[in-house]
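Q: Hi! Could you walk me through this model while I have it open on my screen?

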Amino acid sequence: MAVAATGHVTGPGDAATPGPAGPDPAVAAGPAGRAPYGLLAPGLLWLAAFFVAPIAVLFVTSLMVPVPGGDIGQFQPALDVGNYAQAVVEYWQIFLRSFWYGLLATVFALLVGYPLAYVIAVRARGRPTLQQFMLVLVIAPFFTSFIVRTLAWRQILADEGPVVGVLQALYLLPPDGRLTATSIAVVAGLTYNFLPFMILPIYAALGRLDLRLVEAGQDLYASPFTTFLRVTWPLSLPGVVAGTLLTFIPASADYVNATLLGNPGTRMIGNVIDAQFFNVVDYPLASALSFVLMAAIVVLVAAYVRRAGTEDLV
Amino acid sequence: MRRRVRLGDWLLPLLAVLAFVYLFVPIAYTIAFSFNDAPRANRVWQGFTLDNWRDPCAARGVCEAVATSLQVGLLATLVATVLGTALALALVRHRFRFRSTTNLLIFVPMATPEVVLGASLLTQFLNLGVPLGFQTVVIAHIVFCLSFVVVTVKARVATLDPALEQAAADLYAGPVQAFWRVTFPLLLPGIMAAALLSFALSFDDFIITNFNSGNLDTFPKWVYVAAVRGLPAEANVIGSAMFVIALLLVAIGRLASLRRRAG
């Protein structure tokens with residue numbers, strides 16, 4: 001997902017979906033079928049060397065075994081699937097927790113982000129300066145550091161902080177209740193940190209919404225709610241799908257929020273992978289965990305996209 | 001006909017305002033606590049001071065870390081923007097056999113969790129015996145910035161009319177001249193936006209950097225390590241300053257483009 005200076009936002013869906021099969025007016029005349037190697041080669045070679053090859057190395061590493069009698073951190077090539085068995089058997093609860101936190105953060109980000117995206121894209125339409133201003137405000141949190149913001153949350157949710165005081169005064173939190181070092185704080189931090197990734201694709205989709213369709217719904221005596229459900233929401237669905245993916249994937253795999261805002265009981269799978277790499281120095285297990293994480297995300301995302309796709313048709 | 005006042009008329013703006021409050025509460029906290037008179041454990045409000053702003057480099061290593069982050073960000077942005085713009089041009093302007101595979105290859109890094117990207121690169125560097133440091137961080141940042149550059153510039157290329165280049169060719173411009181005199185100026189806003197995004201992503205990255213930096217400190221890494229002992233107020237000063245500088249740059253860019261359009 002990206003934001004251009006013009007306020008144009010594109011989702012990763014744009015990259016994933018190749019253009020229409022027919023002749024594309026933007027395609028310049030040229031010998032069809034011959035790849036523009038000069039333009040492609042540098043970027044593709046970079047991705048091959050520093051994305052594809054590392055993933056392959058990671059896979060090979062995930063099947064390695066320790067060198068018999070060797071030092072910590074010494075491994076030899078093998079075809080051992082034991083690391084995968086260990087990754088699943090020992091850490092399935094942490095995997096489940098990570099995806100649960102990721103899901104919660106995604107749902108909350110959608111609930112907070114959709115109305116905001118709607119106001120920017122539809123209510124402020126025709127007022128470009130206001131639109132620009134609000135878009136900049138959405139992206140502005142990126143400029144202070146992600147870690148600094150997460151630490152600010154730790155202060156806000158601290159025992160002596162304002163949120164705990166207010167909640168205790170309202171009897172929503174017991175007098176000895178706290179928010180730091182709880183799963184609530186972790187999910188709040190995840191929701192916050194990935195919120196712009198939810199807002200921007202939805203804004204892009206709603207920006208293309210033809211308001212005449214909404215008027216048509218009202219002309220046909222549909223209530224505003226029905227119009228939203230039958231017209232606006234389905235048309236914004238590509239943005240919602242892109243936004244939820246861009247929130248869910250990094251949120252599930254994050255470990256900074258769990259480290260700074262949580263406790264040992266809120267450990268996420270990113271914490272485990274990080275610890276296996278740097279503290280335990282068990283590279284094969286860490287690699288197997290990374291692959292299980294990737295595989296789980298691919299399965300979840302594929303199931304989700306398929307479901308969202310069929311809902312789109314209904 | 002009198003327009004009925006509907007629930008959505010006031011509820012939606014209210015929700016939007018609340019969402020903005022949610023986005024800005026931690027930033028307001030960060031800025032407020034940059035003026036806190038508590039040089040060590042900056043957690044509880046002690047009193048107002050300007051001391052932290054007078055010398056943000058007082059905390060050991062923080063300004064070196066910021067300088068490293070700026071260097072990494074500029075270098076990674078430069079390479080990612082050049083490579084990514086070339087890829088975007090190729091993907092929009094040409095049809096070739098492996099086009100959808102290329103699209104997929106560019107999309108997958110964006111959908112790969114940062115821990116996996118960081119871990120895989122680290123494994124490769126360890127296997128090849130590459131020492132971790134500045135170079136490995138820049139290499140890693142280019143990988144994740146590249147895809148975002150391609151997506152941003154592609155959107156811009158798609159809006160260009162190829163007839164303009166043909167017109168340039170009709171006026172006897174060579175392909176190189178047509179590119180630099182016609183295509184490039186039209187693409188510039190998209191390229192600038194991609195570069196800005198790329199720099200922001202690089203400057204703010206922690207997870208991938210942490211895997212591939214060895215002993216090198218970037219600003220986010222410095223903050224993360226310092227937070228264990230209690231974050232000094234200098235981190236708040238730098239976070240606040242970055243925020244203000246970025247907003248000013250956006251505002252200046254906006255004014256410049258408005259003036260160009262008016263003039």
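Q: Before we start, what should I know about the model and the numbering?
A: This is a predicted model, where local features need pLDDT of at least 70, side-chain atom pairs count only at pLDDT 80 or more, and totals for chains, interfaces and linings use all residues. Residues are numbered from 1 along each chain as its sequence is written, while chains are lettered from A and ligands numbered from 1 in the order in which they are written.

Q: Great. How many helices and strands does chain A have?
A: Chain A has 12 helices and four strands. Both are DSSP runs numbered from the N terminus, with helices being H or I of at least four residues and strands E of at least two.

Q: And how much of chain A is buried?
A: Of its 314 residues, 45% count as buried. Buried here is 20 or more other C-beta atoms within 10 Å of the residue's own, exposed is 12 or fewer, and partly exposed is in between, with C-beta atoms placed from the backbone.

Q: What share of the contacts in chain A comes from residues 24 or more positions apart?
A: Such pairs account for 69% of the contacts with a separation of 6 or more. Two residues are in contact if their C-beta atoms, placed from the backbone, lie within 7 Å.

Q: Let's go to the interface. How many residues of chains A and B are in contact?
A: On the chain A side there are 84 residues, in contact with 93 residues of chain B. Helix H2 (residues 37-62) of chain A gives the most to the chain A side, with 15 residues.

Q: What classes of residue make up that side of chain A?
A: There are 63 nonpolar, 15 polar and six charged residues on the side of chain A that touches chain B. The nonpolar class is Ala, Val, Leu, Ile, Met, Phe, Trp, Tyr, Cys and Pro, the charged class is Asp, Glu, Lys and Arg, and the others, Gly among them, count as polar.

Q: Back to H2 of chain A: where does H2(A) bend?
A: At A:Ala48, by about 35 degrees. The bend is the angle between axes fitted to the seven residues ending there and the seven starting there.

Q: Which residues in H2(A) are buried?
A: Among them are A:Leu44, A:Leu47, A:Phe50, A:Phe51, A:Pro54 and A:Leu58.

Q: New topic. How do H8 and H9 of chain A pack?
A: H8 (residues 211-219) and H9 (residues 224-253) of chain A pack at an angle of about 145 degrees, with their axes 10 Å apart. The axes are lines fitted to C-alpha atoms, for helices over the stretch in contact, and angles run from 0 to 180 degrees between N-to-C directions.

Q: Which residues meet there?
A: A:Leu213, A:Val214, A:Gly217 and A:Gln218 in H8(A) meet A:Thr227, A:Arg230, A:Val231 and A:Thr232 in H9(A). By class, that contact has three nonpolar, four polar and one charged residues.

Q: What about A:Tyr221, where is it?
A: A:Tyr221 is in the loop between H8 and H9 of chain A. Its phi is near 65 degrees, a positive value in a residue other than glycine. Most residues other than glycine have a negative phi.

Q: Why does A:Tyr221 count as exposed?
A: Because A:Tyr221 has 8 other C-beta atoms within 10 Å.

Q: What can you tell me about B:Tyr172?
A: B:Tyr172 has a positive phi of about 70 degrees although it is not a glycine. B:Tyr172 sits in the loop between helix H7 (162-170) and helix H8 (175-204) of chain B, and counts as exposed with 8 C-beta neighbours inside 10 Å.

Q: Now A:Pro196: buried or exposed?
A: A:Pro196 is buried, because 23 other C-beta atoms lie within 10 Å. A:Pro196 lies in helix H7 (residues 183-207) of chain A.

Q: Which residues does A:Pro196 touch?
A: Not counting residues up to four places away in sequence, A:Pro196 touches A:Val138, A:Ile139, A:Pro141 and A:Phe142.

Q: Last one: where is A:Ala258, and which residues is it in contact with?
A: A:Ala258 is in helix H10 (residues 256-261) of chain A. Leaving aside neighbours within four places in sequence, A:Ala258 is in contact with A:Val186, A:Thr266, A:Arg267, A:Met268 and A:Asn271. With 25 C-beta neighbours inside 10 Å, A:Ala258 counts as buried.
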